[in-house]
Amino acid sequence: MAGRGNRTNGAAARALGRIRGLSVFLLLISGVISLLALTGSFYMLQIYDRALVSGSIPTLAAISVLAIGLYVFQGLFDIIRAQLLVRIGARIDRRLAPIAHRVVVDMPRLGYSTSEALERGRDVDTIRGFFGSQGPVAIFDLPWMPLFLIFVYILHPTLGALTIGGAFFLAILAVLTELRTRRWSQATLAATVERNAIADSNARNAEVLKAMGFAGRAVARFAGANERHLELQTRTSDITGTYGAVSRVTRMLLQSAILGLAAYLTIRGELSAGAIIAASIASARAMAPIDLAIGNWKNIVAARGAWRRVRETVEVLENQPEPMRLPAPVASLKVEGVTVAAPATGRVILSDVSFEVRAGNAVGIIGPSGGGKSTLARALTGVWPVLRGAIRLDDADLSQWSDEDRGAHVGYLPQDVALLDATVEENIARLDPRPSPAAIVEAARAAAVHEMIVRLPEGYRTPLGPMGTAISGGQRQRLGLARALYGKPFLVVLDEPNANLDPEGEAALTAAIEGVKARGGIVIVIAHRPSALQACDLIGVIQRGRLTGFGPKEQILNPKAPAQPAPADAAAGAPAAPAAPEPVRARQARKLPAAASARPGRAAR
Ligand SMILES: Nc1ncnc2c1ncn2[C@@H]1O[C@H](COP(=O)(O)OP(=O)(O)OP(=O)(O)O)[C@@H](O)[C@H]1O
Ligand SMILES: [Mg+2]
């Protein structure tokens with residue numbers, strides 16, 4: 001649905017904006033709680049300096065009732081604040097989790113490890129968890145510290161000076177904690193990602209580890225990474241633990257010092273007896289937020305990092321304009337001077353590739369391993385962005401389509417077929433919440449997989465298990481083909497679709513390609529085995545990142561044959577057959593009869 005992305009992102013920004021508003025409210029509530037927290041001190045003062053002096057029971061009772069009332073209020077506000085914080089955490093989670101998950105889904109495609117991607121998803125958990133902890137309480141209480149300092153100062157300036165000195169010392173401890181943990185927290189996060197990446201890759205290679213008996217070594221590798229992670233964790237915890245203990249002891253020491261100083265001042269007649277305890281309580285309360293902040297420093301730092309990353313993500317997603325909805329493409333695929341680099345490394349893999357295909361044609365892409373065929377498939381389907389040049393469907397650049405719109409017009413069978421942990425039906429229908437059973441069966445029939453599916457225990461409703469492992473390699477490839485064909489997309493890109501197919505499967509593949517051509521679609525088939533090229537009209541040769549040949553199949557595969565005029569509706573940009581074909585690499589020649597390539601760059605002109 002066009003515009004959905006924008007709405008989600010706008011909502012996220014609004015959620016963040018609302019949280020800013022709520023922060024002000026929380027700050028005010030914290031102010032009220034702080035003010036009410038002076039109850040104990042006032043009560044002491046009144047007991048000692050009024051009730052005891054006057055010896056009046058009614059006065060004592062009145063003061064006590066008042067104090068109880070204030071305590072109840074303080075408790076109520078505390079409950080409100082705690083519930084509000086938890087709800088803010090939940091609201092942030094609800095709004096940001098889908099956006100963060102989008103990033104999680106996007107990152108592996110761009111070359112990040114799965115564990116690095118999942119860490120982004122965990123950021124939202126970290127933020128939500130933080131709002132449920134004591135961290136925010138410390139942060140919101142901190143600005144109200146002067147309230148208590150002023151109170152103590154009014155009791156006696158010397159007491160005030162001692163409390164302020166203590167607060168200053170504790171603040172320095174907090175800053176030191178921050179400075180000393182900052183470096184480690186970055187390193188700890190990197191170590192977490194590394195450790196999880198190894199765990200993830202070991203789990204995915206379970207079969208290989210078992211068969212060749214190197215699970216033990218894989219575990220040892222994990223243990224090494226875990227050790228580094230633990231070491232960093234220990235170091236960070238040591239720092240926060242030490243500073244936390246120092247701060248706690250300082251606070252206790254300070255409390256006693258205040259008590260002692262107040263007693264001294266009382267003996268000298270400068271202070272009332274009630275003020276001794278009142279000062280002690282108020283100064284303790286003044287220090288509490290700093291102490292709490294130091295104790296929760298690890299959480300605060302983690303939440304701050306997570307918040308920064310999530311905000312960056314939201315801002316990036318928000319700055320992407322949602323393209324206008326375009327009509328379904330019907331006429332052509334144009335690849336114009338396309339250069340593609342690997343997103344993770346920036347290394348150029350494919351350079352200056354140009355060709356054009358009209359509706360109703362199938363193009364076979366051949367070439368040696370590592371030449372860049374799969375990279376072309378990724379560029380054509382928008383999986384990888386292009387560095388230069390343009391890929392156009394009916395003259396509109398791929399970037400002019402929203403992912404969802406473009407996806408509906410594109411079918412893609414990747415080289416390593418992976419299916420979702422969902423049912424057969426959901427996999428073929430691309431998780432469409434309201435799939436058309438007829439369209440699913442049609443796609444399955446086109447991929448010659450319908451009979452196999454209905455023989456499964458629960459037919460189309462059979463769950464495939466994690467990574468779609470509950471079926472064979474060939475079955476997986478056919479299901480992947482059915483998914484690519486679902487909804488009759490205009491452009492169907494198949495990367496080695498016949499790698500695991502039996503002759504029957506290959507015949508079905510040829511029929512499927514013919515079917516797409518007949519309904520006016522375009523098929524791009526990447527293949528090593530010639531059987532998949534049967535239904536192709538055009539052939540492109542990709543070697544070392546360049547399109548070194550492109551033209552009608554007969555000319556490319558059998559260049560000695562006299563050049564035949566290309567079909568009227570075939571590729572407009574197809575060059576004439578190369579005059580003096582160069583021999584292709586041995587590997588390819590073995591697989592393709594009389595394969596040949598044009599001079600580098602020639603086809604691209
Ligand atoms: N994710 C990636 N990051 C960096 N480089 C990559 C990535 N994927 C592929 N490459 C590099 O790009 C080059 C072309 O890879 P590509 O997968 O396009 O080859 P191919 O022609 O499909 O080969 P094959 O026939 O073996 O499938 C290779 O040298 C490969 O090392
Ligand atoms: Mg490939």
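A residue is buried if 20 or more other C-beta atoms lie within 10 Å of its own, exposed if 12 or fewer, and partly exposed in between; the C-beta atoms are placed from the backbone. Helices (H or I, at least four residues) and strands (E, at least two) are DSSP runs, numbered from the N terminus. The model is predicted: local features need pLDDT of at least 70, side-chain atom pairs count only at pLDDT 80 or more, and totals for chains, interfaces and linings use all residues. Residues are numbered from 1 along each chain as its sequence is written, while chains are lettered from A and ligands numbered from 1 in the order in which they are written.

**The whole protein**

Start with everything shown. The protein has 20 helices and ten strands. Of its 605 residues, 40% count as buried. Two residues are in contact if their C-beta atoms, placed from the backbone, lie within 7 Å. Among contacts with a separation of 6 or more, 76% come from residues 24 or more positions apart.

**Stop 1: strand β9**

Select residues 538-543, which are strand β9. Six of the six residues are buried, so the strand is largely enclosed by the rest of the structure. In a regular strand the side chains alternate between the two faces of the sheet. Here Leu538, Gly540 and Ile542 point one way, and Ile539, Val541 and Gln543 point the other way.

Glutamine 543 is bridged to arginine 546 in β10. β9 and β10 form a hairpin with two residues between them. In the turn, arginine 544 has a positive phi of about 45°.

**Stop 2: the open sheet**

Move on to four strands in the order β2-β1-β4-β5, which form an open sheet with antiparallel pairing. β2 (348-358) and β5 (396-397) stand at the edges, each with a single partner strand, so one side of each has no neighbour in the sheet.

Select β1 (residues 332-341) and β4 (residues 388-393): five bridges join these antiparallel strands. Glutamate 336 has alanine 390 in β4 as its bridge partner. Then show helix α12 (residues 373-380), which lies across β1, β2 and β4 and runs at about 65° to β2. Axes are lines fitted to C-alpha atoms, for helices over the stretch in contact, and angles run from 0 to 180 degrees between N-to-C directions.

Next, pick aspartate 394 in the loop between β4 and β5. Most residues other than glycine have a negative phi, and most peptide bonds are trans. Aspartate 394 has a positive phi, near 50°. With 16 C-beta neighbours inside 10 Å, aspartate 394 counts as partly exposed.

**Stop 3: two packed helices**

Select helix α7 (residues 157-204) together with α10; the two pack at an angle of about 10°, with their axes 9 Å apart. That makes α7 roughly parallel to α10, a term for angles under 35 degrees. Among the residues making the contact are Leu159, Thr163 and Gly166 of α7 and Ala279, Ser283 and Ala286 of α10.

Zoom in on alanine 279, in helix α10 (residues 273-295). Buried or exposed? Alanine 279 counts as buried, because 31 C-beta neighbours lie inside 10 Å. Leaving aside neighbours within four places in sequence, alanine 279 is in contact with Val152, Leu155, Leu159, Ile258 and Ala262. Phenylalanine 148 is 131 residues away from alanine 279 in sequence, but 9.1 Å away in space, C-alpha to C-alpha.

**Stop 4: helix α15**

Select residues 437-446, helix α15, where Ile440, Ala443, Ala444 and Ala446 are buried. These residues cover an arc of only 160° around the axis, which puts them on the same side of α15. The arc is that of the directions from the helix axis to the C-beta atoms. The face turned away from the buried side carries the exposed residues Pro437 and Ala438. Show α14 (424-428), α16 (450-455), α17 (473-485) and α18 (503-518) too: the buried residues of α15 pack against them.

**Last stop: glutamate 496**

Finish in the loop between β7 (491-495) and α18, at glutamate 496. Its phi is positive, about 50°, although glutamate 496 is not a glycine. With 23 C-beta neighbours inside 10 Å, glutamate 496 counts as buried.

Methods:
Two strands pair if DSSP finds at least two bridges between them. Angles under 35 degrees count as roughly parallel, over 145 as roughly antiparallel, 65 to 115 as roughly perpendicular and the rest as oblique.
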